[in-house]
Amino acid sequence: MRPFLKYIVDQIDLDGDLTRLKDYCFVFPTIRAGVYFRKYLTERLQGKFFWSPHIFSIVQFSEFLTDKVTLDSVTLVFELYKSYRKFEPEVRFDEFYHWGQMVVRDFDEVDKYLVPADKLFQNLKDLKEIEELFPVAEEDMAFLKKFWGVLAKEGEDTDLQDEFIRIWEILGKVYEDFRAYLARTGATYEGMAQREIVEKLEAKTLDLPFTKIVFGGFNALSNAEKRMIELMERQGDLTVYWDTDHYYMSSPKQEAGKFVRQYTKQWLQSKSHNWHSQTDLVKHPKNIHVVGVPLKVGQAKHLGQVLNNLLEKEQLAIEETAIILGDESMLFPVLYALPEAIQNINITMGYPLKNTPLFQLMESMVFLQKTRQDVDKKEPDLPIILEDGTTKAVPNTLFYNKFIYEILNNPFIKFFDSEGVRKYMRYLEEYNMIYAYDTTIQERFTHPIYKRIFQKTDTYEELLHCFNEVLNIIYYELKKQEEENSDQEKEDDIFDEHEERQLSIEREFIFQILRQMKRLEEILREYRQLINMDTFWKILKEILQSVKLPFTGEPLRGIQVMGFLETRTLDFKNIFVLGLNEGAIPSTKAHQTFIPFNLRRGFRMPTFLDQDAIYAYHFYHLLQRSENIYLCYNTEVGNFGGGEKSRYLLQLEEELALYDNIQYSSELVSAPLPTQNPVLNKVIIQKNKEVMKRLHRYVTNPPDYEPPIIELDSEEEVEERVTKKLSPSALSLYITCPVQFYLRYVAQLYELDSLDEEISPKIFGNVLHRTIELLYKPHQDKILTDKLIEGIRQNQKKIERALLKAFREEKFPHHKEGKNLLLKKVILRLIDKILENDRDDAPIRIIGLEATEYEKEIELPDGRFVLVSGTIDRIDAVQVDGQEVVRILDYKTGKVKLNDTKTALKLPIDKYLHKYFDDADYKTGFQAYLYSYLYWNSHPDATIISGLYALKEINKGIRYLRKKEPLSQAFFQEFDIQLTAMLSELYDERHPFIQCEDTSKRYFFSPFKGLVKMD
């Protein structure tokens, strides 16, 4: 196998004076190609002295030939904003920044493809005018007409069309002003530089400082690059070496050859274009192994096993081997999986800063500030609760629990005071503090890094200063640890080299972030009046997401680890490609642009179709000179791996695998399954002495009761002796599954508070209940007429105020954002429907809202009393046939199912109620009956009906149990009997907690799903 770059070296006429080389220029697609080219040139001239030729990437070559400074992307957006404001003076920079980046990219492509900008940005409504202004091919004209034809129909202009035309005309003016400004200031961008070089070559005002120019390994040339080649060919000695393969060049169906096939029509006969390096991959023996492995880590481990086997059999030459990653996040799993026998590794791809905990820390710090609440000290309802239960004066700033957790759990913060972090987070959980005050956090920790992070920050300068301080503190702490480790090594010669290397990498991460922030700070110095904190973070975030930490090493030694696009022009005998899934290879990232598809096609600008062809060329180029090819893809699609396996693998299977010289194999690798299925017994929890002690917390007169000790932390212990109450929710969970009841109410395994940004079902229900309560509370114990209720219903401001207060009491500030706006409208719609239903049922007398005073001691046969208590959503009274009837109403946001068929209602009361005490499907009805029972216990003479407000079926109104039939004395007496029987079973030591039968349904949404045997 002779690599393509070595072929170019072999073609150089080196007879005679080697000093001629200093005037030669070699241009390649990437810098990496130049490194290998220099290696092959040195090998050919080994032992001889020579001047090195000029070796450039195409970007470096353009910069070399222009006399202007190429600006970075961030500076270009700011400079573009100056031009744009001349035509749209009202636009703010924070609005402009994101699409300003798109405009810069579009302008870059306009120049690279030599598009006549004055024609591109015209407002063309006359199709005849299009034909006159655009002397283009008929195929291209069709695309232009298709686009502008929409605007050519008289009488059909729309506001959207007018807005598009206005912006389109502005972009043309901005383009001219922007380029003129850059030219005056001696600045440029890549496309502008290439266009200027073409213009100078055409005017013959650019003297090339080389006696020979060589272009090698290009595939998809821009129009500017093609024109540069043509003009340089006329001016001097120029050669273009094309790296192609007969397999895709000979077939129009192969998209890999799309561009080079076009170039052969134009340059095949030209003496300046060398096509002799063409290969024929199907005529040379190849071993292709396609392997499907679950997950990214699985692919890395499989790679390590294959490499180890090949090394043991001495079937692998490390220097001729490359590992190519379709997903950059696989880098560290691959490095950890490499066999120990591989000592030299050259990593040509960088590790993205966006994947580091440092970046995540900075992002959490930003959101900590964005979600904070600046509290008015006059508010009486937001006291600080200290750890000892006392309160103190309210400070200014509240920070959101979610981002406090993220910051304190970040490894770069947690290690400063891990024990203090653990205690403070437990304190937040104990008091259920969704928000925490800045001063309580600062006072809780002694290290200055915590005080610096948890401070109010309002401007981007303050945020930048905060980032700098925090990162410097971390940097010097890591340095201190490295020095301590080094001292330890001197003392006893025991030292973890991996730990030292890890600390060095982490410090390098910090150095790179600080470097980028310093660079951005210098750029923003001129534009600071345009920047707020959100815009600053948006810019810094995009910079950090694009920066990759470079790895140092010998570039030509050892096994090569690189990204897919870094393989251009390079050839290896053995290649291992990981992550061959759609979305990675080929990439499906959409190119954001203001220039629509049809205009791009009409002006011969690149589209997503061209991107597919470019990726195909690079993929097949990998195969051209390789002999042993291992292609690995992730079998777990979706959240675990992206898309399906790459289309290229399907093409290989259907096409290349049919050739005799291709040895093709395909396999799926999965984790080995056990030879026998493990026996999982259902969970059974015996009621031993300790369990009964815990159950007795719900008993008012427990026998010989010794309260259990509850640890608050490692130093403090308190005794719990307050009698707890069994709620309807707890008893319905016992009906659902006794084991779940045990885990939640006996073992007291609690879920962490949900800190989701979106309105959860719990918050949804709480806010709705509280809003109704606030609207009706002033009218409690009064008669609500239909007119009064309709007045409340029409008073939208009053409803909004009540809703906002409910959100505030729920400590949920995000109801004005994103999806929450829609959910908020849903709540308002439900409130309106409830008021409408109440208006139709009027007159109504409100007796109680969110009533908590209803409880009853249930006496068990052995004399113990169990305390049952419930908060009733709503108690009111209506007139039915001239008689006042009390309604016990329960709001339900979930599914409601009742056992109220005609057949069920004809059953005796004991059999009818047994269904509610036995079947979890009817738990909502059980809870409603239990609320009614508790109210009846205090008001035995009341006529009671029970109903459910099923919010998912609000249009059906109230779902009354027993078809709105009043619940009789006999009904409640039977309910008392069955409730006593259920509680007697609960407190029977001989009756263990046994897992329910139907776990698939009853544990589907349970937090205890992983603790039980599933069906």
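The expected span of a helix is taken as 1.5 Å times one less than its number of residues. Helices (H or I, at least four residues) and strands (E, at least two) are DSSP runs, numbered from the N terminus. Helix 5 (residues 93-112) has 20 residues, and the distance from its first C-alpha to its last is 27 Å, close to the 28 Å expected at 1.5 Å a residue.

The structure is a predicted model, in which local features need pLDDT of at least 70 and side-chain atom pairs count only at pLDDT 80 or more, whereas totals for chains, interfaces and linings use all residues. Residues are numbered from 1 along each chain as its sequence is written, and side-chain values use heavy atoms, with hydrogens and water left out.

The protein chain contains 39 helices and 31 strands. Of its 1015 residues, 50% are buried (under 20% relative accessible area, with exposed meaning over 50% and partly exposed in between; 1.4 Å probe, protein chains only). Contact is defined as heavy atoms within 4.5 Å. Among contacts between residues at least 6 apart in sequence, 76% join residues at least 24 apart.

Helix 5 is mostly covered, as 15 of its 20 residues are buried. A kink of about 40° is centred on Trp-99 in this helix; the bend at a residue is the angle between axes fitted to the seven residues ending there and the seven starting there. Just after helix 5, a positive phi of about 50° is found at Leu-114.

Five strands form an open sheet in the order 2-1-5-6-7, with parallel pairing. Its edge strands, each pairing on one side only, are strand 2 (54-57) and strand 7 (273-274). Two strands are considered paired if DSSP finds at least two bridges between them. Five bridges join strand 5 (residues 212-216) to strand 6 (residues 237-241) in the parallel sense, and Gly-216 stands opposite Tyr-241 in strand 6. Helix 1 (residues 4-11) lies across strands 1, 5, 6 and 7 and runs at about 150° to strand 6. For such angles, axes are lines fitted to C-alpha atoms, for helices over the stretch in contact, and values run from 0 to 180 degrees between N-to-C directions.

Thr-30 is located in the loop between strand 1 (24-28) and helix 2 (31-44). Thr-30 counts as buried because its relative accessibility is 10%. When neighbours within four places in sequence are set aside, Thr-30 is in contact with Ser-57 and Arg-568. The C-alpha atom of Thr-30 is separated by 9.3 Å from that of Leu-565, which is 535 residues away along the chain.
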